[in-house]
Every structure is written in C-alpha cells, then in structure tokens.
Amino acid sequence: MSDHEHGANDDLSLPKATVQKIVSEILPPSTGVSFSKEARDVLIECCVEFITLISSEANDISEKEAKKTIACDHITKALETLGFGDYVPAVLDAATAHKETQKVREKRGNKFEESGMSIEELQRLQEEQFAAARERHN
C-alpha cells in the first residue's frame, strides 16, 4: 500500500496550471482531444506518487552509502532499480541543463558589489530618487 493511501501525500501537489499547460503542449490540437479537470487531477496524483516512489528509493540508496544528501546518482540508481532505466538519459540531460543554468546565474554579479558605491551612497541616491518622484507626483 502506498503512502498516498495512508494520507501522507495529501498536502503534496503540483501546480494545476503548469500540468494543464504541459498536457496541452503534448496533445496535438488537430485531434480535438480535450483533457478534463478530473483527468488532470488524477495525473497530478500519479505524478506525486511517482516522485514519492523515486525519492524514497533514492533516499534508501543514499542511506546505504552513508550519505546525508540525495545526489543525482542516487536518483538514476533509483530509476534503474525500479524499472525506469529508460528515463535515465533524460534525467541526466535535465541535470546538465540545470547545472548550466546555475553557472549563468552565478556569473551574474551582485548588483550592490558591481555598483562600486557604499550602502550610504546608495541610500542617499535612493532617497533623492524618491524625492524627485514625489515632486513629479505633486
């Protein structure tokens, strides 16, 4: 029996609008097939159950390795253990894409540091801009 049947996942969900958007992108509009709200809700429940299953197995794997953090390797091992080995390449691609996104975010500098101004100077500038905006408004 799953955790969901025991009520452990009752407060877990996925954004309905996001799931609906994904489904709409997958279903070809030319077929005229629609996806009911009830079907979307069942799909969300299935997704939550799948995520719970994979994360639980990955947690077991990480514990066996005496690790306190679940790593990507634990997820891929869990997928293989549970018979979802076909998903591993897509997961690795997503992990690589995520790492690249993180690199870009890290390269973006701190705006405060890049300004070359002290906090006091920035605060004074902000107050001047607020005063100018108030004057324009009045």
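**Ground rules.** I am working on a predicted model, where local features need pLDDT of at least 70, side-chain atom pairs count only at pLDDT 80 or more, and totals for chains, interfaces and linings use all residues. Residues are numbered from 1 along each chain as its sequence is written, and side-chain values use heavy atoms, with hydrogens and water left out.

**Entry: D41 and its partner.** I followed D41 to R40. The two form a salt bridge, with the closest N and O atoms 3.3 Å apart. I count a salt bridge when a side-chain nitrogen of Lys or Arg is within 4 Å of a carboxyl oxygen of Asp or Glu. R40 is buried, at a relative accessible area of 11%. By this rule I get five salt bridges.

**Entry: K77.** I next looked at K77. K77 meets E65 in a salt bridge (2.8 Å, N to O). K77 lies in helix α3 and E65 in the loop between α2 (37-64) and α3, so this pair ties together parts twelve residues apart in sequence. Helices are DSSP runs (H or I, at least four residues), numbered from the N terminus. K77 also forms a salt bridge with D73, the closest N and O atoms being 3.2 Å apart. Both K77 and D73 sit in helix α3, four residues apart, about one turn of the helix. I note a network of salt bridges linking E65, D73 and K77. K77 is partly exposed at 30% relative accessible area, E65 is partly exposed at 32%, and D73 is partly exposed at 41%.

**Entry: the two domains.** I find domain 1 (13-26 + 33-83) and domain 2 (85-137). The bounds come from an automatic or database domain assignment. Their centres, taken over C-alpha atoms, are 30 Å apart. How many residues of domain 1 are in contact with domain 2? Seven are, and they touch six residues of domain 2; contact means heavy atoms within 4.5 Å.

The area buried between the domains is about 490 Å², with 86% from carbon and sulfur atoms. Buried area is the accessible area (1.4 Å probe) that two parts lose on being put together, summed over both. In domain 1, C72, T76 and L79 lose the most area to domain 2, together 65% of what that side buries. I count zero salt bridges between domain 1 and domain 2. Helix α3 (residues 72-81) gives the largest share of the domain 1 side, five residues.

How values were computed
Helix = DSSP H or I, 4+ residues; strand = E, 2+ residues; numbered from the N terminus. Buried < 20%, exposed > 50% of the residue type's maximum accessible area, 1.4 Å probe, protein only.
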